[in-house]
Amino acid sequence: MGQAATLPCIGGKSYVTELYEWFRKFINECPSGLITLHEFQRHFCNGTVGSESAEYAEQIFRTLDNNGDGMVDFREYVMAISMLIEGSAVEKLRWSFKLYDKDRDGAITREEMLEIMQAVHKMSVATALAKPNPLTAEECTNRIFLRLDKDNNAVISLEEFIEGALDDDWIREMLECDPRTVKVERPLRRDTALGTHG
């Protein structure tokens, strides 16, 4: 009794400090407390100012929007980021499954997987978030389906998705959402970027 709870640290910061920063940035960019898809693409996904990562941002937004009202509130946003950073491997994979299951029918088709893989590939190249994958989006999709679709019914169930990813580091790395893609990154001010001061 009387022991202080130990807070997880992220990059040397306590979780509470990190949470406060997310809240401050969120309220600064979206004073209403709600984010539309357009605002999310502009402020909350790295590199989404260009068309190369707009598709990926849209899928992330759809996954964040738990109640399907076309808006993401701070609670939905921070719960997702918190889970992507602090959650267990299974929790992260459950969230990623929702990202790939575009029609929310509880199964991922090859077309759904390929669409997200193509969007992730475009975004990764545009933002240089990850080292380039030597495989194309189609090759990644084929490889994932070959390993995960155990019953060969041309869809991946949540159970197949989680079990397969937990058994294969390459697949888990390919399927888990990188939390860096959904955190606010402040762009350089124009005068700073141009090297002028004023």
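Tutor: Asp-169 is exposed, because its relative accessible area of 55% is over the 50% cut-off. The model is a predicted one, and in it the side chain of Asp-169 meets that of Arg-172 in a salt bridge, 2.8 Å from N to O. Both residues belong to helix H9, where they sit 3 residues apart, about one turn of the helix. Arg-172 is partly exposed, at 21% relative accessible area.

The salt bridges come to 3 in total. Another one joins Asp-168 to Arg-147, with 2.5 Å between the closest N and O atoms. This pair links distant parts of the chain, since Asp-168 is in the loop between H8 and H9 and Arg-147 is in helix H7, 21 residues apart. Asp-168 has a relative accessible area of 16%, under the 20% cut-off, and therefore counts as buried. Arg-147, at 31%, is partly exposed.

Lys-102 and Glu-115 also form a salt bridge, at 2.1 Å from N to O. Lys-102 lies in the loop between H5 and E5 and Glu-115 in helix H6, so the pair ties together parts 13 residues apart in sequence. Lys-102 is partly exposed at 23%, and Glu-115 is partly exposed at 37%.

Lys-92, in helix H5, is buried yet has no salt bridge. The nearest side chain of opposite charge belongs to Glu-176, 5.0 Å away. That distance is not within 4 Å, so the pair does not count as a salt bridge. Leaving aside neighbours within four places in sequence, the contacts of Lys-92 are Met-83, Leu-84, Ile-85, Gly-87 and Glu-176.

How values were computed. Residues are numbered from 1 along each chain as its sequence is written. This is a predicted model: local features need pLDDT of at least 70, side-chain atom pairs count only at pLDDT 80 or more; totals for chains, interfaces and linings use all residues. Side-chain values use heavy atoms; hydrogens and water are left out. Helices (H or I, at least four residues) and strands (E, at least two) are DSSP runs, numbered from the N terminus. Buried means under 20% relative accessible area, exposed over 50%, partly exposed in between (1.4 Å probe, protein chains only). Lys and Arg count as positive and Asp and Glu as negative; His and the chain ends are not counted. Contact means heavy atoms within 4.5 Å.
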